[in-house]
Each structure stands twice: as C-alpha cells, then as structure tokens.
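Please look over the two chains shown below before reading on. The report after them is meant to be read with the structure open.

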Amino acid sequence: MLSRIAESMFWIGRYVERAEDTARILDVQTQVLLEDAGVDEEQTCRDLLASMGIEPEDFPAALDIDHVLAVLAYSPASAWSIATALANAREAARGARETLPVPLWEVINTTYRSIPARRFEALRPPYVFQWVRERAALINGTADATMTRDEGWQFLMLGRSIERADMTSRLIASTTLTGGTGEQWTSTLRSSGAYETFLRTYRGVETERAAAEFLMLDRLFPRSVVFSLGRAEQCLDNLGDDPRRAGFQDEAHRLIGRTRAELEYGSLADLVADLPDEMERLQRTCAAATDAITRRYFAGAEAVSWKGVQL
Amino acid sequence: MSSMFEGYGTVEPASPAYDEMFDGDALRSPYLRLRDSLGRMTTPELISRVEALQASYLDQGVTFDIGGEERAFPLDILPRVIEMDTWSTIESGVQQRVKALEMFLADVYDAGTVFEDGVIPRRVITTSSHFHRAAATIRPANGVRVHVSGIDLIRDNAGEFRVLEDNVRVPSGVSYVMTNRRAIAAALPETIAQHRIRPVAGYPQRLLAALRAAAPAGVADPTVVVLTPGVYNGAYFEHALLARTMGVELVEGRDLVCHRGEVMMRTTKGLAPVHVVYRRIDDEFLDPVHFRPDSVLGCPGMIDAARAGNVTLANAVGNGVADDKLVYTYLPDIIRYYLGEEPVLRNVDTWRCGDADAREEVLDRLDELVLKPVDGSGGKGIVIGPRASKEELDELRGKVLEDPRSWIAQPVVQLSTVPTFVDGELGPRHVDLRPFAVNDGDRTWVLPGGLTRVALAKGELIVNSSRGGGSKDTWVLAGHGDARQQEQQQQQQQVGAVTTSPEGVA
C-alpha cells in the first residue's frame with residue numbers, strides 16, 4: 001500500500017477517535033460543573049485545557065466554560081477542537097478516497113458537512129457530545145463492517161488504538177486534576193460507557209482506586225489504556241514482517257510494549273499515587289511511537305524536494 | 001400534454017436554436033416516454049426529487065474544485081435523450097476522428113509525410129506550444145497515443161451534430177457520466193424503468209483493459225496507476241473515482257520516484273515498480289527535468305523512463321498539438337488524407353486568422369463572430385462578438401493583428417437547447433456533448449452517451465463548469481423499437497411453433 005495512503009488511514013483513525021474522546025472528556029467536565037456548585041469553574045477550565053496539552057500562555061485572562069467549549073469543541077480555527085478533528089479526518093479521507101469503501105467515505109463526509117453547514121455549532125451540550133459519539137460509532141462501525149482486514153485496516157486500527165490510549169490517559173488525568181472525588185470518577189466511567197460494567201466487575205464496590213485501575217488496566221474493557229496499547233501492539237505485529245525470535249526490532253513496538261508491561265506489572269499503589277505524571281509519561285510514549293511509525297512506514301511519502309536545474 | 005411542459009419555451013422570443021425535445025409544440029420522438037412518465041408527476045413532487053438529488057451529491061462528495069473551493073457538481077434532473085440512429089453516427093464519427101488523430105500524431109512525431117504532402121504546413125505544428133520534441137523519441141508500446149479522448153460536439157441550428165473541438169490530452173468529465181446515471185436512476189426510478197438505456201458503468205473496465213494493453217512489452221501483469229496533482233485539483237473527484245473503480249492506486253508526484261530509468265512508487269514495504277501511468281497532469285508538469293523545473297506535481301525522470309520503454313504514459317506526451325484549435329481547422333483534410341474518407345461529423349465553420357484573406361473578413365465581421373484563442377481551454381479568452389462592447393472589440397482587433405496565428409473565428413452557433421429545471425420551472429438551456437472514447441490498440445470504444453454540459457444561465461452559450469455550467473444525464477436509447485421487435489419476434493416464434501405443429505400433425 002502507498003505510504004501516503006497508509007499515513008492517511010492512520011490519521012483517519014486518530015482524528016475520529018480524538019473527536020469522540022474529546023467529546024467524552026467535555027461531557028464529564030461540563031456535568032461536573034453543572035452538578036457541583038462547589039467546583040471552581042476557572043480552575044477546572046484551566047486544568048482541563050492543560051490536560052489536553054494546551055500551554056497556559058494561550059489561556060485568556062478570564063477563563064470560563066464557554067471558552068473551553070470553543071477551543072475544544074466548536075472552533076474550526078482551534079487545533080484542539082472536535083470541529084478541527086472531524087475536518088482533518090475528512091481531509092485525510094478525501095486524500096485516500098479511492099481506497100475507502102464508499103459507505104465509509106460517505107459517513108465521514110456527511111459527518112464533516114455539519115461543520116461548514118453550521119449544524120454542528122448549533123448543537124448545545126450535552127447533545128453535541130452525544131452526536132459526536134454517535135457519528136464516531138457510525139464511522140467506526142461502517143469501517144468495521146466494510147473494510148477488508150488489509151494493511152489499510154491495520155493502520156486505521158493502529159491510529160485509533162494509540163489515540164485512545166492517549167485520550168483515556170487524558171480523561172483519567174482530567175478527573176484527578178479536578179480533585180478526583182468518587183462522584184467524578186463515576187462521571188468518568190459513565191462517559192466511557194463503562195459504569196455498569198465497572199459495577200459488575202467490582203461487585204458494586206466503588207472506590208477511586210478501583211475506577212482508576214479499571215480505566216487503566218482492565219484487560220477486557222476496550223477503552224482501557226492497557227487494552228488499547230495491546231491492540232496497537234497487535235496491529236504492529238500484523239504489519240511488521242519480523243520473524244518473532246528475539247526482542248523487537250520495531251521501535252514503535254518496543255515503546256508501546258514496554259509501557260504496557262510497566263503498567264501491567266507495576267504496583268497499582270505507585271501508579272495511583274502519581275497518576276498525573278504517569279499519564280503524562282504515557283502520552284509521551286504515544287507521541288514517540290507515532291514518530292517511530294511515521295519514520296518506518298510513512299517516510300516514503302515525504303515531499304520530494306526537487307531543486308530546479310538550469311536547462 | 002402534461003402541465004409540467006406546458007408553455008415551455010413559449011415565453012421566450014422564438015430562438016434560432018434547435019430544441020432537442022420540442023419542435024415548436026410537437027414533441028420529438030426520443031422524448032415520448034420521458035414526457036409521459038414525468039407528466040404524471042406534480043411540480044412539488046419534482047422539486048422534492050431535485051432537492052434529494054442535490055443533497056445526495058453533497059453527501060457523496062461528487063464535487064469539483066474552483067480555486068480551492070469545493071462545489072457539488074450541478075446535475076439537472078431532466079435527462080437528455082439521444083436515439084440509437086443518431087448515436088450510431090456520433091459513434092462512427094468519433095471513431096473515425098480518433099483513428100485519424102492517432103495517425104496524424106504518429107506522423108507528426110515521426111516521418112512528417114503530412115507536411116511533405118502539403119496537407120498542413122509544418123510551421124503550424126512547430127509553432128504550437130504543445131509540440132514537444134521530447135515526445136518524438138518515445139514510441140508507444142502498442143502504437144496508441146490517444147488512449148482516452150473527449151471530442152466536444154454541439155448540435156447546430158439545423159440539429160446536426162458538429163465537432164467543436166478535440167481533447168486528446170487529459171479530457172475530464174467521464175466520472176460525472178457514471179455518477180449522473182446512478183443519481184438519476186435513484187431520483188427517477190419509474191422513468192428510467194420505462195426506457196432501455198445503454199449502460200455507462202462499463203467505462204472503468206474498458207479503460208483498465210486499454211491501459212493494460214498499452215504496457216511495455218514483456219510485462220505479464222502490469223501495474224497501472226492514476227497520477228493526480230492532488231486533492232486541490234479541479235478534477236480530483238474524477239481521479240479518485242477512476243482509480244477506485246479500476247482498483248488501482250491513485251498516486252501523487254510525491255509517491256513516485258524514478259530509479260535507474262524505471263518509475264517506482266513508495267509503499268509501506270519499499271519501492272514497487274509502475275508500468276502504466278494514466279496521468280491526469282498536463283505535459284508541462286509531468287517531469288521537471290524536461291519541462292517546468294519548478295513543478296513537483298510530477299516526478300523527475302519520468303520522460304526518460306518512458307523513452308527507455310520502461311513505462312507507458314497515457315495519454316502520450318505531446319498530444320496537445322492535435323487539440324490545438326488551429327490544427328482543428330485542418331482535421332477534415334487530415335481525415336481525407338489518412339483515411340480516404342469524408343468526415344462523418346463536420347467541423348463548425350472556422351476561419352484561420354493566420355490566413356490573410358480570412359483575417360480580413362474576420363476583422364470586418366468581428367462583431368458577429370466568436371473569436372477563440374487556439375491554445376485556450378475551458379472557455380478561456382473567448383470573445384462572442386455580438387455580446388462584446390466596442391472597447392472589447394477594439395482590444396480584440398489589436399490582439400488578432402499582433403498575433404494572428406493564435407486566433408480562430410467561428411460564426412455564433414446557437415447550441416441546441418434541452419428543457420432544464422432552473423428556479424422551479426422548466427426552460428430551454430444550451431447544451432453541448434462530450435463523448436468519451438477509449439482506444440485499446442485494436443478498437444476505439446465510445447462510451448454510449450458522454451457528458452452533456454448545460455449552461456444554467458438563460459441564453460448563456462458557454463457551458464463550462466468554471467462558468468457555472470451543470471450537467472445532464474445523457475441517455476442513448478438501445479432503441480425501444482428493437483426491444484419490442486425482439487419481444488415480438490420471440491412471441492411470433494413461440495406462436496409459430498404452437499400453430500405449425502398441429503398443422504404438421506394435421
């Protein structure tokens with residue numbers, strides 16, 4: 001498969017997942033602000049933007065939830081917004097259009113079309129978050145049902161898995177940043193669609209520690225960090241043609257595998273004690289793995305620099 | 001008479017243009033079923049279908065780009081119908097023309113007997129901006145240079161199809177022929193069911209077969225790619241559709257690299273060889289080594305790879321000399337010269353401003369003629385005399401005198417009209433027709449129908465999409481006559497079998 005197309009598939013996976021997870025994170029935070037009068041709005045917003053990787057010097061003097069929603073949800077000019085993620089996913093899909101199944105292209109295109117048509121910004125929370133989750137489910141489901149499991153699919157899944165590990169870590173970080181009370185963990189679990197599963201798994205015993213453990217380490221829950229990293233490893237396995245004898249030649253595989261093993265074999269107490277730092281470390285791993293994948297598989301797509309010759 | 005067509009055209013002053021559906025108040029025969037079927041529909045019903053049609057094109061992303069802005073390609077809901085006999089003439093005319101153009105190009109880039117024999121002056125070719133000496137040494141693998149052509153036709157005041165121009169470089173629009181058919185089938189299912197229409201969906205397979213047939217000798221299973229300038233190109237939708245429906249890679253210049261005289265593409269598993277490039281990039285951007293050194297749309301080394309016979313470029317480099325509008329004026333003679341036949345499809349009458357006598361007449365009649373720059377495309381630079389101001393005509397006169405070779409003149413031909421649904425009502429709008437032909441070396445196949453472009457503004461004669469033109473689904477009837485005949489014959493045979501046998505027994 002063309003390197004450029006592989007890269008597009010990877011980023012379609014990432015951007016769709018990013019849009020969905022940003023919606024999930026905002027859903028939790030807007031609910032917390034609404035339901036708990038004791039929460040400091042400005043501090044919550046500050047922490048939330050920081051957890052999404054936005055530098056404090058980019059914050060305005062008076063920070064409120066409307067500003068956060070503009071930056072993270074609505075503004076097509078903001079690099080972090082859901083609008084931008086959906087537009088980028090569509091742009092990547094447009095560049096790989098001949099390789100996508102037609103229904104997949106159409107569902108991505110119609111999703112995107114709500115943005116220039118201004119239907120997207122007319123949606124208010126929490127409906128907008130629900131809409132984004134539904135569209136992402138539609139896109140993922142269509143891909144799942146229509147794509148052959150070739151390289152293109154592996155790259156799509158790889159992008160989705162890495163983004164999901166990264167975003168789940170931000171979801172966890174944003175919960176702990178706002179104080180991490182039991183109720184907030186409940187909201188976080190709910191926004192991940194995991195609350196009932198979590199209750200059943202832990203037989204109704206809700207603790208913050210258990211919630212963090214579930215979101216990070218559960219091997220069966222598809223949004224957990226460990227599950228996502230494992231899925232990414234699987235994709236890299238399917239893509240690489242290394243004969244499995246000793247170690248991993250592939251840099252991305254090495255980075256992701258090591259981090260997953262550290263999470264799984266580390267002590268939960270240590271992990272929970274320093275959640276924000278651990279989550280930041282995880283995000284750095286995801287970024288480094290992306291660089292490694294880009295170098296190995298997409299580098300062929302780098303623009304040719306042609307120095308004009310005098311004829 | 002259905003209410004929908006009532007009063008069609010009568011509000012307008014009588015136009016000299018040929019209307020393809022109505023002859024005065026009388027309906028022309030190819031449109032009988034269309035009128036009957038649509039006649040059962042109310043205007044609100046039609047409007048709701050038009051709206052659904054437009055929405056579906058946006059959702060599917062059936063678009064073209066103008067200056068980076070992506071727009072849905074406008075498709076009128078009323079199809080244009082062409083009956084079988086008329087189509088047969090077009091088909092053989094296009095085949096004849098492509099054959100002559102192939103022979104002409106082969107001659108131009110080789111012996112040049114057409115010049116020696118005085119059919120066309122050599123300087124007409126050597127002064128053409130599309131003549132590339134680099135192409136002279138490239139021998140096409142199966143002799144084909146014009147793998148795909150789009151011969152633009154118009155229907156004149158008398159209803160005769162005439163050739164307006166030849167496109168043998170990178171003719172576009174065929175994707176809309178295919179998507180238009182599917183969209184109209186969804187919008188007017190009951191109407192389409194009542195017609196027997198020759199299908200258009202087979203185009204990509206024909207094209208792929210022709211491209212594979214053009215592969216360099218000795219390549220058993222050639223790799224074909226479509227080369228596009230990228231997503232911001234006006235025709236990107238088409239490039240993607242063709243690649244997808246042929247099941248081949250759509251590559252950009254940056255995906256390609258030339259290595260030891262071969263063209264390779266960059267894949268996740270390293271470089272992979274490419275044998276046939278269906279390029280949708282103009283010559284000038286194809287290879288910075290030979291053409292524009294500042295272009296990165298193509299790939300350095302591609303021309304040398306083609307010359308070495310390792311890759312086939314389709315269409316061939318240098319074809320532009322054949323669609324130069326000045327060469328067009330010689331085409332009837334070129335057909336007679338190579339084929340010894342009269343042209344099946346006539347040209348539109350044309351004056352060459354390079355000829356002193358013709359120029360004098362043209363300059364006298366500037367205000368009644370259409371002046372066209374010979375190397376313009378997409379309606380660029382065209383001046384319609386009767387609609388131009390005195391200042392425009394004076395400026396034009398200066399340009400023609402300064403560089404007469406660059407201009408041709410034609411009478412204002414009233415392109416034929418077809419009823420078109422604009423702003424909630426039907427009105428006559430001017431159309432042209434671009435049939436697409438694919439040459440696989442053995443045979444030139446003409447896609448039944450082609451792209452009908454329609455000028456959506458009232459009275460507008462320029463139909464290009466860059467001027468706000470739209471399109472119509474174009475139906476070539478398989479002849480409801482012959483379908484019925486076949487049915488009748490079958491019935492007769494069955495009836496005959498039944499009736500003769502008792503007789504036989506008796």
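The sections below take up the basis of the model, the interface, the nonpolar cores, a sheet, a helix and some backbone details.

## Basis of the model

This is a predicted model, in which local features need pLDDT of at least 70 and side-chain atom pairs count only at pLDDT 80 or more, while totals for chains, interfaces and linings use all residues. Residues are numbered from 1 along each chain as its sequence is written, chains are lettered from A and ligands numbered from 1 in the order in which they are written, and side-chain values use heavy atoms, with hydrogens and water left out.

## Interface of chains A and B

In the interface, 33 residues of chain A are in contact with 35 residues of chain B, contact meaning heavy atoms within 4.5 Å. The two chains bury about 2,800 Å² between them, 50% of it on carbon and sulfur atoms; buried area is the accessible area (1.4 Å probe) lost by two parts on being put together, summed over both.

Four salt bridges are found across the interface of chain A and chain B, where a salt bridge is a side-chain nitrogen of Lys or Arg within 4 Å of a carboxyl oxygen of Asp or Glu. A salt bridge also joins the side chains of B:Lys269 and A:Glu151, at 3.6 Å from N to O.

## Nonpolar cores

A nonpolar core is a set of buried Ala, Val, Leu, Ile, Met, Phe, Trp, Tyr and Cys residues joined through side-chain atoms within 4.5 Å, and buried means under 20% relative accessible area, exposed over 50%, and partly exposed in between (1.4 Å probe, protein chains only). The largest such core has 172 residues, of which A:Leu158 and B:Phe104 touch the most other members. Helix 1 (residues 3-35) of chain A gives the most to this core, with 14 residues; helices (H or I, at least four residues) and strands (E, at least two) are DSSP runs, numbered from the N terminus.

Leaving out residues up to four places away in sequence, B:Phe104 touches B:Val114, B:Ile120, B:Ile125, B:Ala322, B:Val327, B:Ile334 and B:Tyr338. Apart from this core lies another, of 66 residues, among them B:Val50, B:Val174, B:Val248 and B:Trp445.

## A sheet and a helix in chain B

Four strands of chain B form an open antiparallel sheet in the order 16-19-17-18, two strands being paired if DSSP finds at least two bridges between them. Strand 16 (351-352) and strand 18 (383-384) of chain B are the edge strands, each pairing on one side only. Strand 16 of chain B pairs with strand 19 (residues 407-411) of chain B over two bridges, and B:Trp351 has B:Ala409 in strand 19 of chain B as its bridge partner.

Helix 10 (residues 236-246) of chain B is largely enclosed by the rest of the structure, because nine of its 11 residues are buried; these include B:Tyr236, B:Phe237 and B:Met246. The helix is followed by B:Gly247, whose phi is positive, near 70°.

## Backbone details

The peptide bond from A:Pro125 to A:Pro126 is cis, with omega near -5°, and A:Pro126 is found in the loop between helix 6 (119-122) and helix 7 (127-146) of chain A. In chain B, the bond from B:Ala314 to B:Asn315 is cis, with omega near -10°.

Although it is not a glycine, A:Arg118 has a positive phi of about 70°, and this residue counts as exposed, at 57% relative accessibility. B:Arg260, also not a glycine, has a positive phi of about 50° and is exposed, with a relative accessible area of 78%.
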